[in-house]
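Colleague: I would like a close look at one part of this model. Please take it step by step.

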Amino acid sequence: MSPPFPPFDDRAIAQKVGLAEDPARGALSLKINGRTYSVEAPDDMPLLWVLRDLLNLKGTKFGCGIAQCGACTVHVDGRPVRSCMLPAANVGSREVTTIEAIAQKESGRRIQAAWLELEVVQCGYCQSGQIMSAAALIARNPSPDDAEIDAAMAGNICRCATYARIRAAIKSVSRR
Amino acid sequence: MTGHLSISRRQLIVGGLMVTFACSARSRAATSEATSPSAIGGFVRISREGGISLVMPSVEMGQGIYTAEAALLAEELDVRLDQIVAIAAPPDASLYAQPLFKAQMTGGSTSIRGFWTPLRQAGAAARSMLVAAAAQAWGVHPDECFAKEGTIVHSSTGRVLTYGEVAESAATLPIPEDPKLKSPGDFRIIGKSQRRIDTPTKVNGSAVYGIDVAVDGMKTIGRRNRCAEDPGRNRRPAHRRRGRSRRRTLLGRPRRRRSTECRLGSGSEGKADHCVDPGRGREGGR
C-alpha cells in the first residue's frame, strides 16, 4: 500500500520558503518578538511547538500540522510562514514575529483594529494565522486589490467561514 | 421563588479577595464546602479593587455566548459590558450545570433558554446586596439608592460608592430570596446589538482554547500522522478489510475505535512533555 500522499519533507518546505540552513545542534538561539531565546529542542522540532510548548507563546495555533490550513502562521523576517512545518533549527538568525507581538508593527496594528471594527471573528481559532497573513500582505502591499487579497489569504482556512469579513477588513485597511 | 427553573438557593461565597455571588440549585450544605479561600463558585465576583468578573457557565465556541451571558448578568447587575471580565467556569456541575441538561455542558441552542432566569437572578441578587451594603454604610434606606455602572448612588445627596468598596460588607448580608428582575422595557443591554466581548482576546492571541490549557506535570499525547505518511498502524484500506471491520466501514457505521488520524503533528502514539517527543518512538520502535 503506497501512502496516499508523498511523505512530507521538512527540508524541502524550508527550501521553498528560503529557510534552508544546516540545523544547529544543541541549544537553539531564536529571535522571537524582539527577544532572544535559548531553547533545548529536538533538531527537527517545528517552530510551532517551540513557540507553544517550550516558550509558552500559545497564540499561534496548531491546526493541521501539514501546512494546509494556515492556523500556525508566523512571520519570519516579515514573511508569513507555516510554523508547523518549519524546523526551528532552520530559522537561524532570522526574526520571528508571532501574534503576541504583531501589534508592534503598524500593519499588524491596523489589521487588528479592522478585525475588531468589522467583528470578523467567530470562534477565532484560525484568526491568529489569518491576521499574520493579512498583516504580511499589508506590510508589503499597502493597497492590494481583490485578487491580491485572495491570493495572499488562500492558504488560511476558516471553519466558521469568515472569509467575506476577512476580505472586507483587509480592504478597509488598504490605502486604495 | 421566581421563574420556572428550580433555583432553590442563592448563595454568597467569600473566597480570598473575591466576593462571590452564587445563584445555584445546590444545597446550602453543599455550597458551604465552596467557602474555603481557594474555592471558587458563583457567577459574579467583585474584588476590593473593583474588578468585576462574570463567570461564564457556557463554553464560547464562536456562537457569541460569552457576550450573551455577560449581557444577562451585566443587565441586572447594572454594569456596562466593557467594565467586566468574562472568565470560564471551572468544572463544577453543582454550580454551573446547564439547567435544562442538569449537566455542565454547552450545546443544542440551549444556553440562553437555560440560563435566562438564573443569570439574571444572580446579577439582580448581587446588585441588591451591593445597594443594601452602601445604604447601610450611609445609614439610609436602600430604596433611596440606585445602582449605576458599577457604583451605588444615593439619590438625594449624590453620594457615590463603588461596587468594590462595598463588596466585602455586601458579602455579609442576607441573600435576597426573590431578587427583583428588570422589566424588559428597562433593558439597556439585553436586546440591543453589542460588540462581542471575546473578540479582543481573539485578535491578539490571548484567548485560551482547550489546546492551550496546561496543568502541572501534564503529558502530551501525539498520534501518528496517518494522512501524510501511511494509512495507520494495522489498518488496511476499507475495501481490503475483512469481516466486521469491513462491513462497518463500508456501511458507514461509526467505528468504536478512536480515529488514529493525526492531531498533533509528527508524533506517533506516546506521551511526552511536548508535542514532538512522542514522535521519537516512530523511528526508535515502540
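Colleague: At what angle do helix α3 and helix α4 of chain A pack, and how far apart are their axes?

Modeller: Bear in mind that this is a predicted model. Helix α3 of chain A covers residues 106–117, and helix α4 of chain A covers residues 127–140. They pack at an angle of about 130°, and their axes lie 8 Å apart. Angles over 145 degrees would count as roughly antiparallel, and 65 to 115 as roughly perpendicular, so α3(A) is oblique to α4(A). Their crossing is right-handed.

Now the residues. From α3(A) come S107(A), G108(A), R110(A), I111(A), Q112(A) and W115(A). They meet Q127(A), Q130(A), I131(A), A134(A), A135(A), I138(A) and A139(A) in α4(A). The residues of this contact divide into 7 nonpolar, 5 polar and 1 charged.

Next, the sheet. In chain A, 5 strands form an open sheet with mixed pairing. The order is β2-β1-β5-β3-β4. β2 (35–40) and β4 (79–82) of chain A stand at the edges. Each has a single partner strand, so one side of each is left without a neighbour in the sheet. From one strand to the next, the twist averages 40°.

Within the sheet, β3 (residues 73–76) and β5 (residues 95–97) of chain A pair in the antiparallel sense, over 2 bridges. T97(A) in β5(A) is the bridge partner of H75(A). Helix α4(A) packs on this sheet and touches β3, β4 and β5 of chain A. The direction of α4(A) makes about 35° with that of β3(A).

Definitions and conventions. Residues numbered from 1 in each chain as written. Chains lettered and ligands numbered in written order. Predicted model: local features only at pLDDT ≥ 70, side-chain atom pairs only at ≥ 80, totals over all residues. Heavy atoms only, no water. Axes fitted to C-alpha atoms, helices over the stretch in contact; angles between N-to-C directions. Helix = DSSP H or I, 4+ residues; strand = E, 2+ residues; numbered from the N terminus. Parallel < 35°, antiparallel > 145°, perpendicular 65-115°, else oblique. Left-handed = near helix turned anticlockwise from the far one by under 90°. Contact = heavy atoms within 4.5 Å. Nonpolar A, V, L, I, M, F, W, Y, C, P; charged D, E, K, R; others polar. Pairing = 2+ DSSP bridges.
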